[in-house]
Amino acid sequence: MSLTRVDYIAPWWTYWLHNFPHINLRFQPTDKSFQPEDENYQQSLIFLGCVAAAGLGLNLLCLAVYLSFLCCCRKDEEEETKKPNSCCVTWSAVTAGLITCISVGVGFYGNSETNDGVYQLTYSLYNANHTLGGVDSLVTGTMGNMRTGLHQHLARLDEIFATRGDYVQTLQFMQQMADNVIKQLLGLPDWDEATVDLAAVADQTANIEYYRWLTYLLLLILDLVICLLACLGLAKQSRWLLTTMMVFGVLTLILSWTSLGADLAAAVGTSDFCVSPDKYVMGQTKGLITADIVHYYIYCNQTLSNPFQQPLTIFQRSLTTMQIQIQGLLQFAVPLFPTAERDLLGIQHLLNSSEASLHQLTALLDCRGLNKDYLDAMVGVCYDGVEGVLYLCLFSILAACAFTVMLCAIPRALRQIASRERDYDDIDEEDPFNPRARRIGSQNPNHANMHSFCSYSSSMGSQNSLQPPAPAVSNPPMSEYMNQTALFGGNPRYENVPLIGRGSPPPSYSPTMRATYLSMTEEQRRHFGSDFQA
């Protein structure tokens, strides 16, 4: 029976994924139809995961070759230019950070879309379960009323109307109508097993989706944190942080390829179902529900007749006939048998409640309710669900690319940090302009202090180390020169050395030292003057 679907149309990406090659682990092509119980079909989905595993192996191999080349083929550090290497590492880090941010954004969107699709599926399953459960409850309640309540009332009325044969025949006719109603209700499908299956499927799907959503959320946060810490390590020139992030980067790279394999297999399998969902549903309901009922709920168009129309019509007619009989007995039998009024009113109340149940049953058995749940579930799975899984595949690919670039940039950054530390260690510790020498001098008091060349003590302490050329002819007398020599440590005055030969600026004197020096010079002049006069 071929029918054209007008309500549900599978999206184009499901056909694209459905056309992926389906190959089992023995490299043999398999059927593309959705058969999760078939071993070959399961192997075809596992094969897609193996393709992602092969991609992971190739990625790790390329990284190993790159790191080996970087370690074995070093250039001479003196010939390398630091600026281009620094720019290369910087731009690699910027590129990895941008790709990571984009991948995390795509991952959050895909995770949300997938969660929305699965939620719509479980919501539709719960609605369908509620509908089928309501049908089963109404059928069971009506059959119980007919078998127990109506039978008790008719038994007591049969004793009351024992003397009236016509009334007894009316009661027997009503019993036949009640048996006919029970027969029609027994002809309806038993929905009890179907409701249990739908509830179990919905609960299991909701639990799996919760853990899947939480796992991807943690993976997204992990990717973002690793990227930020790696950038922080590059900015702070921290070797241990970069080394730690490199280890976590390899772990995240493995997780990205693993998630890609799982998402790809899930997307292809779900697309195989979405391309022809009716075929799978028909196969699953075979033996439980007849094919015409399944067609009625799946397609729900006017060309199909309601398979419940005949039993519901017979049910309605039987109730109407019984109500007419009860009305007649209430009108003619109660005046003669007043004790029968209570049972007759009880039967009338039972028939009224059965009629209300009939209307509710007719509404629940209508195809529009279950068909809407079916279409909502298909839209949730095949549109939002598969689309979200595709975005998660894109996230995994972008994350793998980002961490590959990061793992290529971190070793170069570590190499540059080590090179700078070696260059820093090669600086002469005796150099007075070396910050490290200053730190060592301040931390080690026994180390030779680097005195300033602009103080009185430094000029005295550096006279032995500095060997200035012979002083030029000085105008002051010899005695004055000798006194000055005695004043400045027994050596010729360093002030008489030409500035070109000093290598340092002239010393500076404090006002006290200058006054002392002038007073001593004045006394020597007076002394020499008195000797000369004598």
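**A tour from surface patch to core**

Start by selecting helix H5 (residues 192-236), which gives the most to the nonpolar patch, with 4 residues. Helices here are DSSP runs (H or I, at least four residues), numbered from the N terminus. You are looking at a predicted model, in which local features need pLDDT of at least 70 and side-chain atom pairs count only at pLDDT 80 or more, while totals for chains, interfaces and linings use all residues. Residues are numbered from 1 along each chain as its sequence is written, and side-chain values use heavy atoms, with hydrogens and water left out.

Next, show Phe108, Ile221, Val225, Leu229 and Leu232 together: they make a nonpolar surface patch of about 380 Å². Patch residues have over 30% relative accessible area and no salt bridge (a Lys or Arg side-chain nitrogen within 4 Å of an Asp or Glu carboxyl oxygen), and nonpolar side chains (Val, Leu, Ile, Met, Phe, Trp, Tyr) are joined within 5 Å. Areas come from the Shrake-Rupley method with a 1.4 Å probe, and for residues only the protein chains shown count as cover.

Pick out Phe108, in helix H3 (residues 82-160). Phe108 counts as partly exposed because its relative accessibility is 38%, between the limits for buried (under 20%) and exposed (over 50%).

Now go to Phe161, one of the residues with the most contacts inside the largest nonpolar core, which has 109 residues. Helix H11 (residues 367-425) provides the largest share of this core, 22 residues. Such a core joins buried Ala, Val, Leu, Ile, Met, Phe, Trp, Tyr and Cys residues through side-chain atoms within 4.5 Å.

Terms used: Patches are made of residues with over 30% relative accessible area and no salt bridge: like charges are joined within 9 Å, nonpolar side chains (Val, Leu, Ile, Met, Phe, Trp, Tyr) within 5 Å. Helices (H or I, at least four residues) and strands (E, at least two) are DSSP runs, numbered from the N terminus. Buried means under 20% relative accessible area, exposed over 50%, partly exposed in between (1.4 Å probe, protein chains only).
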